[in-house]
Amino acid sequence: MTFLDMLRDASTRNDSMLCVGLDPEPSRFPGAMKGDASKIYDFCAAIVEATADLVNSFKPQIAYFAAHRAEDQLEKLMAHMRAVAPHVPVILDAKRGDIGSTAEQYAKEAFERYGADAVTLSPFMGFDSITPYLRYEGKGAFLLCRTSNPGGDDLQAQTLADVPGNPHMFEHVARLAQGPWNTNGQLGLVVGATRPQEIERVRAVAPSLPLLIPGVGAQGGDAVATVKAARIGGGPIIINSSRAILYASQGENFAEAARHAAVATRATLQQAAAQG
């Protein structure tokens with residue numbers, strides 16, 4: 001199955017738009033695990049097992065593993081997700097952005113070493129920074145488009161005088177991803193939940209692309225407004241929550257608490273969709 005096939009299947013099977021982001025911080029681990037980087041796999045595997053029937057994807061952030069020399073634990077986790085939740089696609093959040101042979105190595109890392117179904121990328125260096133990933137048939141690639149951080153305005157919100165219609169840069173990225181760059185239907189976009197009006201603008205340009213939307217939960221994104229905006233055009237929706245689910249409890253019941261938080265978040269998103 002392609003990434004999009006898996007995403008649609010998991011969204012339907014689990015009746016979910018929720019993605020659980022796996023951003024393990026040992027300093028926030030519960031009980032005896034606290035501060036122990038060797039427990040990254042154990043912590044994340046417990047979260048995966050507790051939420052696998054509630055999500056349409058998982059999103060491990062590679063920096064949280066690499067910072068603790070835990071890439072081997074990430075490989076083990078990827079294999080575990082394949083075993084316990086083979087129907088749930090995995091998006092490797094790497095935000096790579098390079099060209100040529102370096103990009104080829106990053107693509108090999110994401111899809112061959114870790115076996116991810118999709119990866120996040122920075123499109124700033126242009127189409128040739130994307131093409132090595134598109135050579136992996138059926139894999140997905142999410143381009144940073146409109147992010148939630150304040151500094152996103154520095155570039156993403158700038159208007160482009162040389163492009164017809166003078167779009168903002170993020171709108172131009174969306175047009176490229178919807179059109180000429182999306183040669184095999186593998187591209188999606190990352191758009192932050194804290195700016196639902198700009199999700200609407202992205203959807204106007206790229207109605208059919210899957211959107212990966214971080215920012216619901218600890219970052220304060222409005223779930224109802226986010227879902228309403230993202231549903232325009234009917235493209236797939238992936239709404240990520242990380243800390244609010246991972247660290248729902250500091251006790252030994254952390255996996256159970258994570259499940260309860262995921263149930264509640266999924267229900268909020270379902271209600272938002274019903275209102276839309």
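**Cysteines and salt bridges in a predicted model**

I start with Cys145: its sulfur lies 18 Å from the closest cysteine sulfur, that of Cys19, which is too far for a bond. The cut-off used for a disulfide is a pair of cysteine sulfur atoms within 2.5 Å. Cys145 is also buried, at a relative accessible area of 2%. For burial, the terms are these: buried is under 20% relative accessible area, exposed is over 50%, and partly exposed is in between, with a 1.4 Å probe and protein chains only.

A word on the source. This is a predicted model, in which local features need pLDDT of at least 70 and side-chain atom pairs count only at pLDDT 80 or more, while totals for chains, interfaces and linings use all residues. Residues are numbered from 1 along each chain as its sequence is written, and side-chain values use heavy atoms, with hydrogens and water left out.

Back to the cysteines. How many disulfides does a search of the whole structure find? The count is 0. Cys44 is in no disulfide either, and the nearest cysteine sulfur to it, in Cys19, is 13 Å away. Cys44 is buried, with a relative accessible area of 1%.

Now the charged side chains. Side chains of opposite charge can pair when their charged atoms come close. A salt bridge here is a side-chain nitrogen of Lys or Arg within 4 Å of a carboxyl oxygen of Asp or Glu. Searching the whole structure gives 14 salt bridges.

First, Asp42 with Lys39, at 3.9 Å from N to O. Asp42 is partly exposed, with a relative accessible area of 32%, and Lys39 is partly exposed as well, at 31%.

Next, Arg96 with Glu109, at 3.0 Å from N to O. Which parts of the chain does this pair link? Arg96 sits in strand 3, residues 91-96, and Glu109 in helix 5, residues 100-113; the two are 13 residues apart, and the pair links distant parts of the chain. The elements are DSSP runs numbered from the N terminus, helices being H or I with at least four residues and strands E with at least two. Both Arg96 and Glu109 are buried.

Last, Asp153 with Arg146, where the closest N and O atoms are 2.5 Å apart. Is Arg146 buried or exposed? Arg146 counts as buried, at 2% relative accessibility, whereas Asp153 is partly exposed, at 32%. This pair belongs to a network: salt bridges with shared partners join Arg146, Asp153, Arg195 and Glu198.
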